[in-house]
Amino acid sequence: MANLKIPKQEYCPYAQYWEPKSTPEGYVLSAESPQSRSWAAMGCAGLFITVWLGIWCGVSFTMFAIALLQLFRTPTVGNILMLLFLIPFVAIGVGGLIWVGRLLYQKYRIKTGVLILPTYPLYAGETYRVRYRRPLRNGQTTQTALLSATWLHYEWVQYYRGTDLETVTHGLSTQACLERAIGRGVKQLEYTIDLTIPADAKPSIYAPPHNQLRWELQVRCHLPQVVRDTSFFKLRVVRRP
């Protein structure tokens with residue numbers, strides 16, 4: 001098969017491998033999605049951004065209000081220049097608030113996607129029909145959603161070059177799945193995918209964690225005004241004994 005160069009934003013950046021949970025309807029695996037991680041899961045980085053944005057908006061908005069009041073009282077060139085100087089700082093604060101608002105709205109409006117498998121692990125030489133499900137927390141969709149998927153096999157390596165952590169990928173195969181449009185008025189997004197594993201496929205390797213041979217399903221979800229992200233599912237593929 002032709003080599004596939006996976007763009008940096010198109011592979012799962014996390015080394016941790018998760019096993020699906022066995023349930024009455026199949027083996028259920030929750031998505032790994034950087035865009036959909038909760039605010040608390042962002043840890044120190046999320047806390048720093050929240051505090052920084054609060055201080056930035058508090059200071060810049062206050063100074064802008066004072067400068068605007070001064071301009072109304074004394075319309076001088078100096079006050080006009082001060083107001084123009086503060087506008088970019090206010091714009092950055094407004095942009096940050098919009099970004100945080102979208103993140104919180106997304107977490108409130110829609111849940112993380114899950115993949116439902118008929119059996120696990122997956123065997124080379126077989127084709128499996130799996131289901132992707134992503135429910136809304138409340139209400140129904142008001143726009144048409146678009147779902148598409150890619151089934152990837154690639155090598156993923158992380159190593160340190162000095163103090164810098166480097167990530168290298170080498171694509172081995174890819175299978176694009178048909179895009180599906182889901183009409184408005186549904187309480188959850190559902191997408192059926194057929195995964196084909198060649199008979200001569202190499203089995204997945206997830207240990208050691210920094211040198212992995214992955215089989216990964218990527219599901220892209222676009223629901224206008226709600227979410228536009230990619231869910232990653234690393235799956236275990238083995239050969240039949």
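User: Which residues line the largest cavity?

Analyst: Its lining is made up of Y17, W18, L29, S30, E32, F232, F233 and K234. The structure is a predicted model, in which local features need pLDDT of at least 70 and side-chain atom pairs count only at pLDDT 80 or more, while totals for chains, interfaces and linings use all residues. Residues are numbered from 1 along each chain as its sequence is written, and side-chain values use heavy atoms, with hydrogens and water left out.

User: How is such a space found, and how many cavities of 30 Å³ or more does the search give?

Analyst: Rolling a probe the size of a water molecule over the atoms shows where empty space is left. A cavity is a set of points, on a 1 Å grid over the protein atoms alone, where a 1.4 Å probe fits but cannot get out; lining residues have an atom within 4 Å of a point. Searching the whole structure gives one cavity of 30 Å³ or more. The largest cavity holds about 40 Å³ of space, a volume being the space filled by probe spheres set on the points, which are joined across faces, edges and corners.

User: Which elements supply the lining of the largest cavity, and what is its make-up by class?

Analyst: β2 (26-30) and β10 each give at least two lining residues, and the largest share, three residues, comes from β10. By class, five residues are nonpolar, one is polar and two are charged. Here Ala, Val, Leu, Ile, Met, Phe, Trp, Tyr, Cys and Pro count as nonpolar, Asp, Glu, Lys and Arg as charged, and the others, Gly among them, as polar.

User: How many helices and strands does the chain have?

Analyst: The chain has two helices and eleven strands. Helices (H or I, at least four residues) and strands (E, at least two) are DSSP runs, numbered from the N terminus. Read from that end, the order of elements is β-β-α-α-β-β-β-β-β-β-β-β-β. Of the 241 residues, 38% count as buried, that is, under 20% relative accessible area with a 1.4 Å probe and protein chains only; exposed means over 50%.

User: Which strands pair with β2?

Analyst: Two strands pair if DSSP finds at least two bridges between them. β2 pairs with β1 (residues 21-23) in the antiparallel sense over three bridges, and T23 stands opposite G26. β1 and β2 form a hairpin with two residues between them. β2 also pairs with β3, again antiparallel, over four bridges. Within that pairing, V28 has I116 as its bridge partner, and Y27 stands opposite L117. β3 in turn runs antiparallel to β5 (residues 127-135), joined by three bridges, with L115 opposite Y132.

User: Which way do the side chains of β3 point?

Analyst: In a regular strand the side chains alternate between the two faces of the sheet. In β3 (residues 114-117), V114 and I116 point one way, L115 and L117 point the other way, and all are buried.

User: What is the strand order of the open sheet of four strands?

Analyst: The order is β7-β6-β9-β10, with antiparallel pairing. β7 (164-182) and β10 (227-235) are the edge strands, each with a single partner, so one side of each lacks a neighbour in the sheet. The twist averages 25° from one strand to the next, taken between N-to-C directions of lines fitted to C-alpha atoms, on a scale from 0 to 180 degrees. β6 (residues 145-161) pairs with β7 over 16 bridges, and A145 stands opposite I182.

User: Is T150 buried or exposed?

Analyst: T150, in strand β6, is buried, with a relative accessible area of 13%. Its side chain makes a polar contact with the side chain of R220 at 2.7 Å; such a contact is a pair of N or O atoms within 3.5 Å, one able to donate a hydrogen and the other to accept it, and residues adjacent in sequence count only if both atoms are side-chain atoms.

User: Where are the cis peptide bonds, and which residue has a positive phi although it is not a glycine?

Analyst: Most residues other than glycine have a negative phi, and most peptide bonds are trans. A cis bond joins Y120 and P121, with omega about 0°; P121 lies in the loop between β3 and β4 (122-123). The bond from A207 to P208 is also cis, with omega near 5°, and P208 lies in the loop between β8 (188-196) and β9 (211-223). Q225 has a positive phi of about 70°. This residue sits in the loop between β9 and β10 and is exposed, with a relative accessible area of 67%.

How values were computed
On a 1 Å grid over the protein atoms alone, a cavity is a set of points where a 1.4 Å probe fits but cannot get out, and a pocket is an open set with protein on both sides within 12 Å along at least five of seven lines; lining residues have an atom within 4 Å of a point.
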